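I opened my notebook to go through this model and jot down what I looked up.

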Amino acid sequence: QVQLVESGGGLVQAGGSLRLSCAASGSIFSINPMGWYRQAPGQQRDMVAFISTGGNTNYAPSVKGRFTISRDNTKNTIYLQMNSLKPEDTAVYYCKLDLYSGHYYEGAHWGQGTLVTVSS
């Protein structure tokens, strides 16, 4: 059983910043790849940022240079620092953990989501 708890969402004006956190707990016995996804109303859920077990990162083109993903392995927590926010960043942001047991992929786990609203 894996639990992911996101926090840090809210309302911010365009140009502002927010920092999201996602704390993982439960049956996690190693470092796993994790990422942030977002879903705007009526849209599909898209990847925003990804961080590998080794700390390599990948970003959606729309957020590259504005968002930074990081992780604290001692706390099983990842963060998303969002700067220069735009109204089009408005969405529910979800944390995802890809759970591995050794090299065996056990599946994806999702958080409950946190709402980010950027006003113009």
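**Entry: Asn 32.** The model is predicted, and I keep that in mind throughout. I began with Asn 32, which sits in the loop between E3 and E4.

Next I asked what the side chain of Asn 32 reaches. I found the backbone nitrogen of Tyr 100, at 2.8 Å. Then I listed the contacts of Asn 32, skipping its neighbours within four places in sequence. I got Thr 53, Arg 71, Leu 97, Asp 98, Leu 99 and Tyr 100.

**Entry: the cavity.** How many cavities of 30 Å³ or more are there? I counted one. For the largest cavity I noted a volume of about 40 Å³.

Asn 32 turned up again here, as one of the residues lining the largest cavity. I wrote down the others in the lining too: Ala 24, Ile 28, Ser 30, Met 34, Arg 71, Asp 72, Asn 73, Asn 76, Thr 77 and Leu 97. Sorted by class, the lining of the largest cavity has four nonpolar, five polar and two charged residues. I see that Arg 71 and Leu 97 are among the lining residues, and both are also among the contacts of Asn 32.

**Entry: Ser 52.** I went to Ser 52 next, in the loop between E5 and E6. With a relative accessible area of 15%, Ser 52 is buried, because buried means under 20%. What does Ser 52 touch, not counting residues up to four places away in sequence? I found Pro 33 and Arg 71. Arg 71 is also on my contact list for Asn 32.

**Entry: two positive phi values.** I was checking backbone angles here. Most residues other than glycine have a negative phi, so I made a note of the exceptions I came across.

Asn 76 has a phi near 50°, a positive value, and is not a glycine. I placed Asn 76 in the loop between E7 and E8. At a relative accessible area of 28%, Asn 76 is partly exposed. I had already met Asn 76 in the lining of the largest cavity.

Ser 84 also has a positive phi, of about 50°, although Ser 84 is not a glycine. I found Ser 84 in the loop between E8 and E9. Ser 84 comes out at 39% relative accessibility and counts as partly exposed.

**Entry: Val 63.** Where is Val 63? I found Val 63 in the loop between strand E6 (57–59) and strand E7 (67–72). Val 63 has 0% relative accessibility, so I put it down as buried. Leaving aside neighbours within four places in sequence, I have Val 63 in contact with Arg 38 and Val 48. I also took the C-alpha separation of Val 63 and Leu 99, and got 25 Å for two residues 36 apart along the chain.

**Entry: the core.** Last, I looked up the largest nonpolar core, which has 29 residues. Which residues have the most contacts inside it? I noted Trp 36, Leu 80, Met 82 and Tyr 93. Strands that each supply at least two residues of this core include E1 (2–7), E3 (18–26), E4 (34–39), E5 (46–51) and E8 (77–82). E9 gives the most to this core, with five residues.

Terms used: Residues are numbered from 1 along each chain as its sequence is written. This is a predicted model: local features need pLDDT of at least 70, side-chain atom pairs count only at pLDDT 80 or more; totals for chains, interfaces and linings use all residues. Side-chain values use heavy atoms; hydrogens and water are left out. Helices (H or I, at least four residues) and strands (E, at least two) are DSSP runs, numbered from the N terminus. Buried means under 20% relative accessible area, exposed over 50%, partly exposed in between (1.4 Å probe, protein chains only). Contact means heavy atoms within 4.5 Å. A nonpolar core is a set of buried Ala, Val, Leu, Ile, Met, Phe, Trp, Tyr and Cys residues joined through side-chain atoms within 4.5 Å. On a 1 Å grid over the protein atoms alone, a cavity is a set of points where a 1.4 Å probe fits but cannot get out, and a pocket is an open set with protein on both sides within 12 Å along at least five of seven lines; lining residues have an atom within 4 Å of a point. Grid points are joined across faces, edges and corners, and a volume is the space filled by probe spheres set on the points. Ala, Val, Leu, Ile, Met, Phe, Trp, Tyr, Cys and Pro count as nonpolar, Asp, Glu, Lys and Arg as charged, and the others, Gly among them, as polar. A polar contact is a pair of N or O atoms within 3.5 Å; within protein, one must be able to donate a hydrogen and the other to accept it, and residues adjacent in sequence count only if both atoms are side-chain atoms.
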